[in-house]
Amino acid sequence: MFADFRKAFAPTPEEIKRAEDFIARIEREDTDHLRSLGFNDTDIEIIRTIETEETRYLCGFQSYSSRIDLIKSGIITVDDVRNDIKRRINGNE
């Protein structure tokens with residue numbers, strides 16, 4: 001019974017490809033936006049590492065906004081993100 005259910009609702013190869021393409025496009029757009037704000041590849045890698053660690057312990061009912069979303073909405077500034085990067089590099093997490 002469960003095998004039939006999984007088979008009936010499994011994503012098709014086309015759906016998987018579309019999802020992978022969508023994620024890749026969003027990651028490219030985010031990277032391009034961060035570069036336009038003056039961040040280099042090392043900074044971007046540090047930002048993604050910080051955000052990965054921050055989201056690791058979220059409960060199912062919690063939400064998370066990435067730094068790029070917070071910059072776009074004006075909640076934080078580029079300087080705030082640069083300070084996060086400095087704290088990470090200096091080990092003051």
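On the face of helix H5 that is turned away from its buried side, the exposed residues Asp79, Lys86 and Asn90 are found. The model described here is a predicted one, and within this model H5 comprises the 13 residues 78-90, with a reach of 18 Å from its first C-alpha to its last, which is close to the 18 Å expected at 1.5 Å a residue. The buried residues of this helix are Val81, Asp84 and Ile85. When H5 is viewed down its axis, these buried residues fall within an arc of 95°, and they therefore line one face of the helix. The cover over the buried residues of H5 includes helix H3, residues 41-55, and helix H4, residues 67-72. After the end of H5 comes Gly91, a residue whose phi is positive, near 80°.

Two of the buried residues of H5, Val81 and Ile85, also belong to the largest nonpolar core, which is made up of twelve residues in all. At least two residues of the core are supplied by each of H3, H4 and H5, and it is H3 that gives the most, with four residues. In soluble globular proteins, nonpolar side chains tend to be buried together.

How values were computed: Residues numbered from 1 in each chain as written. Predicted model: local features only at pLDDT ≥ 70, side-chain atom pairs only at ≥ 80, totals over all residues. Heavy atoms only, no water. Expected span 1.5 Å × (residues − 1). Buried < 20%, exposed > 50% of the residue type's maximum accessible area, 1.4 Å probe, protein only. Arc of directions from axis to C-beta. Contact = heavy atoms within 4.5 Å. Core = buried A, V, L, I, M, F, W, Y, C linked by side-chain atoms within 4.5 Å.
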